[in-house]
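Here are my notes on this model, point by point. Please keep the coordinates open while reading.

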Amino acid sequence: AREAFGARNIVFVGLMGAGKSVIGKMVATALELPFVDSDAEIERVSQMTIAELFDLYGETEFRALEARVIERLLKSGPRVLSTGGGAFINEKSRALIKDEAVSIWLKADLDVLWERVKKRDTRPLLKTAEPEQTLKTLMEKRYPIYAEADITINSRNVRKEVIVEETIAAL
Ligand code: S3P
């Protein structure tokens, strides 16, 4: 499959809990490409957690930093990159991803996403009175935009290897 798409970056987009990091890492291993998670890279360069960055600088500044990190990673590729759920929603980051990568939307149903994210409270956007409702609202707002990705993969609750195989077959 690696030869089939040449030396392009592969970027995973989609909501929190869709499995971008886990599936991204497995796809990278299978294709023998380096893997980077943009949230982890942002935390590494800023020496702060995503939650601290949101608290200190707000979402707008976070999105600007995220776009700079994504740009640097894509221009020094090819690699497999998993992005934070809001990256593809940001115009600048989306344009970069569309230009410099094959984009894959890991699409999942609300109940699947909620099951996966509810245990963790590290996501600043879900620190609301009704996080499940917040997730639903984000879904409704963002799904039409994620749909602009080149490839859509249904990230349902099957073995991860199945999702990885479907992704590689779709490249
Ligand atoms: C966000 C998703 C998070 C992180 C930040 C904002 C979003 O990444 O970038 O909390 O806007 O959906 P994950 O999708 O990896 O949880």
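1. Which exposed residues does the face of α5 turned away from its buried side carry? They are Glu-91, Ala-95 and Asp-99. Helices (H or I, at least four residues) and strands (E, at least two) are DSSP runs, numbered from the N terminus.

2. A word on the basis. This is a predicted model, in which local features need pLDDT of at least 70 and side-chain atom pairs count only at pLDDT 80 or more, while totals for chains, interfaces and linings use all residues. Residues are numbered from 1 along each chain as its sequence is written.

3. Back to α5. Its buried residues are Ser-93, Arg-94, Leu-96 and Ile-97. Down the helix axis they fall within an arc of 160°, so they line one face of α5. The arc is that of the directions from the helix axis to the C-beta atoms. Cover for these buried residues includes β1, α4 and β4 (101-107). Contact here means C-beta atoms, placed from the backbone, within 7 Å.

4. Now the annotations. An unreviewed UniProt entry places the feature "binding site" at Gly-17, Ala-18, Gly-19, Lys-20, Ser-21, Val-22 and Arg-123. The feature "binding site" is also placed by UniProt (unreviewed entry) at Asp-39, Arg-63, Gly-85 and Arg-142. UniProt positions are in the numbering used here, feature names are shortened, and annotations may be inferred rather than shown by experiment.

5. Gly-17 sits in the loop between β1 (9-13) and α2 (20-31). Gly-17 counts as buried because it has 22 C-beta neighbours inside 10 Å. Not counting residues up to four places away in sequence, Gly-17 touches Ala-108, Leu-113, Arg-116 and Val-117.

6. Lys-20 belongs to helix α2. Lys-20 has 27 C-beta neighbours inside 10 Å, so it counts as buried. With residues up to four places away in sequence left out, Lys-20 touches Phe-12, Gly-14, Ser-82, Thr-83 and Leu-106.

7. Is Arg-63 buried, partly exposed or exposed? Arg-63 counts as partly exposed, because 18 C-beta neighbours lie inside 10 Å. Its place is in helix α4 (residues 50-75). Leaving aside neighbours within four places in sequence, Arg-63 is in contact with Gly-86 and Asn-90.

8. Gly-85 lies in the loop between β3 (80-82) and α5 (91-100). Gly-85 is buried, with 22 other C-beta atoms within 10 Å. Gly-85 touches Gly-14, Leu-15 and Met-16, not counting residues up to four places away in sequence.

9. Around the ligand are Met-16, Asp-39, Ile-50, Gly-84, Gly-85, Gly-86, Arg-123, Pro-124 and Leu-125. The criterion is a C-beta atom, placed from the backbone, within 6 Å of the molecule. This shell divides into 4 nonpolar, 3 polar and 2 charged residues. Ala, Val, Leu, Ile, Met, Phe, Trp, Tyr, Cys and Pro count as nonpolar, Asp, Glu, Lys and Arg as charged, and the others, Gly among them, as polar.

10. Some backbone points to check. The peptide bond from Gly-77 to Pro-78 is cis, with omega near 5°. Pro-78 is in the loop between α4 and β3. Glu-32, not a glycine, has a positive phi near 55°. Glu-32 lies in the loop between α2 and β2 (35-37) and is exposed, with 7 other C-beta atoms within 10 Å.

Conventions. A residue is buried if 20 or more other C-beta atoms lie within 10 Å of its own, exposed if 12 or fewer, and partly exposed in between; C-beta atoms are placed from the backbone. Two residues are in contact if their C-beta atoms, placed from the backbone, lie within 7 Å.
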